[in-house]
Amino acid sequence: MHWENKNNIWLGTLGAFLGSCIGGLSILLLGQLGIFSSIAGVILAVCTLFGFRKLGGKPAAGGLIICFIFMLIMPYLADRISWSLAIMKAFETDFWTAFTYTHSFIADYNAYVTDLAFLYAFTALGCFGILYKPRRARQSSED
């Protein structure tokens, strides 16, 4: 039995979720270290697609849609948690208050939006690179 040929949408969803969690952790860790965390968007895309493929097989259209949904939710959630942790330290408040009122605490809202935009752009870049590479390899092998 070949694992890649079996397409299980439920296991793939679990794999995509676990992969996006790993990618979200990379966003948090790099953000807390003060490193430009947009490269973590590439890590998130790779981990999400790899997680789906590892547990669910080769993603068809439905599998790709599930991966894209996780790639839309997780960067926002991880970035917001990262900003909330910084707010929590700066204003000496609890996490839930910092998370709930993140937008009220941020003085430079443009920095928040720019950081999130770069994160989404790098996630899209990583996703495009992963999805485009096999197609390119198939075309060169057919020639």
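Predicted model: local features only at pLDDT ≥ 70, side-chain atom pairs only at ≥ 80, totals over all residues.
1. A word to begin with: contact here means heavy atoms within 4.5 Å. With that in hand, look at Asn7, which touches Phe52, Gly56, Lys58 and Ala60 once its neighbours within four places in sequence are left aside.

2. Residues are numbered from 1 along each chain as its sequence is written, and side-chain values use heavy atoms, with hydrogens and water left out.

3. Now the overall picture. The protein has six helices and zero strands, so its elements run α-α-α-α-α-α from the N terminus on; helices (H or I, at least four residues) and strands (E, at least two) are DSSP runs, numbered from the N terminus. Among contacts with a separation of 6 or more, 68% join residues 24 or more positions apart.

4. Of the 143 residues of the protein, 34% count as buried, where buried means under 20% relative accessible area, exposed over 50%, and partly exposed in between (1.4 Å probe, protein chains only). The accessible surface comes to about 8700 Å², and carbon and sulfur atoms hold 71% of that; these areas come from the Shrake-Rupley method with a 1.4 Å probe.

5. Helix 1 and helix 2 deserve a look. Two packed helices are described by the angle between their axes and the distance between the axes. Here helix 1 (residues 9-32) and helix 2 (residues 39-56) have axes that come within 7 Å and cross at roughly 160°. Axes are lines fitted to C-alpha atoms, for helices over the stretch in contact, and angles run from 0 to 180 degrees between N-to-C directions. The two helices are therefore roughly antiparallel to each other (under 35 degrees is roughly parallel, over 145 roughly antiparallel, 65 to 115 roughly perpendicular, the rest oblique). The residues of this contact divide into 15 nonpolar, 11 polar and no charged; Ala, Val, Leu, Ile, Met, Phe, Trp, Tyr, Cys and Pro count as nonpolar, Asp, Glu, Lys and Arg as charged, and the others, Gly among them, as polar.

6. Back to Asn7, which lies in the segment before helix 1. Asn7 counts as partly exposed because its relative accessibility is 42%. Asn7 and Gly63 are 56 residues apart in sequence, yet 8.9 Å apart in space, C-alpha to C-alpha.

7. Finally, find Glu92 in the loop between helix 3 (61-91) and helix 4 (95-100). Glu92 is not a glycine, but has a positive phi of about 50°. At 74% relative accessibility, Glu92 counts as exposed.
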